[in-house]
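Dear colleague,

Please find below the structure I am handing over to you. My notes on the findings follow directly after it.

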Amino acid sequence: MDLTPPSSIGLVGGGLAAFWAAQTLRAQGYDGRLLLVTDEPHAPYDRPPLSKEVLLGTRESARTELLGPELVAELDLELVLGDRVTDLDVDSGRLTLESGIRVPVDRVLLATGGRARALRVPGADLPGVTVLRTREDAERLRTLLVAGGPVVVLGGGFIGLEVAAAARALGCEVTVVEAADRLLARAVPATAGEQVARAHRASGIRVELGLGVATIAGDDRVREVVLTDGRRIAASCVVVGIGMTPADELARAAGLEVGDGVLTDAGQTTSNPHVLAAGDVACSPDPWHGGRVRVEQWQSAQVQGVAAAHTMLGLAPPAPPVAWFWSDQGEVRLQVAGVPARGRDVVRRGGDGDSCTLHLDAGRVVGAVSLNRPRDLRGAMLLIESGAVVDPALFADESVDLRRTARATSPSGRR
Ligand SMILES: Cc1cc2nc3c(=O)[nH]c(=O)nc-3n(C[C@H](O)[C@H](O)[C@H](O)COP(=O)(O)OP(=O)(O)OC[C@H]3O[C@@H](n4cnc5c(N)ncnc54)[C@H](O)[C@@H]3O)c2cc1C
């Protein structure tokens, strides 16, 4: 492959990152061949509703589609469904598909996402034990939940807690088992994790912390979960939500640099200048803590897909927006913006079920965590973006509208 402007681009994987890359390539004027290969039987679709509306039955899984036939035609996209890229030859610039098709490409985007991490204990393969990553997983899980439980969720991370909340809303008896001593340990400050735990317990979910799973027991299907302290919990459905592993095997086989995912620079280029990676599979520079980080969030997959498209066309990627993610867990809408861990001082607004904490460093807001306070979160994001120094006492005052404060302090007076 040479580095002249591309006339043929291959997008490997049909998730959010590839979807945004395809849209951006065309929006930026790319008029060459554009191929998207996904091993799923569906065109790119959105995963967040799978653990929320699809489980609750308020949205059909088919309604998560991102890329309908009209948009495929508009983008002049060659969409290959249900086939897998099995080889990436970086020297000759060729993709080989499981079906035997070989496609020459000038640039490749690896947007292969990841797979739900499997639980390695006896009984983990019993019918009724499932993960949640795909549309099919969500449909299968909904059938299990509608049958009534009891449900045991292994893992107190975002997906596990969203499933637990949906199962509870459907009337199931639910137990969440988390090995760490608190929920959401990797993602939010301790106080927010504790608030979330209280909210779930108040809704009737049992939350067991600091415990693992010894075995899953059953006969023709799962019957109970045996915890590491010997207790047995009845289960007709066990949901394994213990994280994901990046689908980086193509990159490894192609000799690209791989760590926790495919290593890239800030423009999403891998160790080979013709190959880029974006989304859950990419491990990209961490502007705040140095080194690289692999992020498993919707906004990051979108931003990196857009950035990769720019880089492929020799354009500078847009400046990244303030990082943000959300998780809807029954009555709890959790939102996190910026990097709360960078804050030295914390100011809190609101009470237990409804709060927003602002995390400040030298008077500047650098992160925020909101439980059911989306308006405050939006204000906090503007404050993070503006970088203005504001008196923390102002934030503690409930009558102060954060968005107005942000507008007033923004150097450009924007918004
Ligand atoms: C159930 C669920 C709920 C979520 N909820 C939220 C939320 O509320 N908020 C939030 O911020 N984030 C959420 N996320 C995370 C967010 O959806 C992901 O970060 C995002 O989907 C990642 O997109 P991606 O394109 O990198 O990867 P993926 O969406 O995983 O797409 C990768 C695709 O590539 C395919 N593929 C892999 N290897 C090959 C190959 N060799 N050849 C062809 N195809 C291949 C895969 O099958 C898959 O279709 C959720 C994720 C899940 C699973």
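Which residues of the largest nonpolar core touch the most other members? They are Leu-141, Val-151, Val-153, Val-174 and Leu-183, in a core of 35 residues. Its largest share, five residues, is contributed by helix 5 (residues 158-169). A nonpolar core is here a set of buried Ala, Val, Leu, Ile, Met, Phe, Trp, Tyr and Cys residues joined through side-chain atoms within 4.5 Å. Buried stands for under 20% relative accessible area, exposed for over 50%, and partly exposed for values in between (1.4 Å probe, protein chains only). Helices (H or I, at least four residues) and strands (E, at least two) are DSSP runs numbered from the N terminus.

Please note that this is a predicted model, in which local features need pLDDT of at least 70 and side-chain atom pairs count only at pLDDT 80 or more, while totals for chains, interfaces and linings use all residues. Residues are numbered from 1 along each chain as its sequence is written, and side-chain values use heavy atoms, with hydrogens and water left out.

Leu-141 touches Leu-55, Thr-130, Leu-132, Val-163, Cys-237 and Val-239, leaving aside residues up to four places away in sequence; contact means heavy atoms within 4.5 Å. A second, separate core has 26 residues, among them Ala-17, Tyr-30, Ala-301 and Ala-309.

Turning to the sheet, three strands are arranged in the order 13-14-15 as an open, antiparallel sheet. Strand 13 (213-218) and strand 15 (232-234) are the edges; each has a single partner strand, so one side of each lacks a neighbour in the sheet. Strand 14 (residues 222-227) pairs with strand 15 over three bridges in the antiparallel sense, two strands counting as paired if DSSP finds at least two bridges between them. Val-225 has Ile-233 in strand 15 as its bridge partner.

The whole structure contains 26 salt bridges, each defined as a side-chain nitrogen of Lys or Arg within 4 Å of a carboxyl oxygen of Asp or Glu.

- Glu-78 and Arg-33 have their closest N and O atoms 2.7 Å apart. The pair joins strand 3 (residues 78-81) to strand 2 (residues 33-38), across 45 residues.
- Arg-47 and Glu-40 meet at 2.9 Å, N to O. Arg-47 is partly exposed at 25%, whereas Glu-40 is buried at 13%.
- Asp-248 and Arg-252 approach to 3.1 Å between the closest N and O atoms. Asp-248 is buried at 8%, whereas Arg-252 is partly exposed at 48%.

Finally, salt bridges link Arg-349, Asp-354, Arg-373, Asp-376 and Glu-398 in a network.

With kind regards
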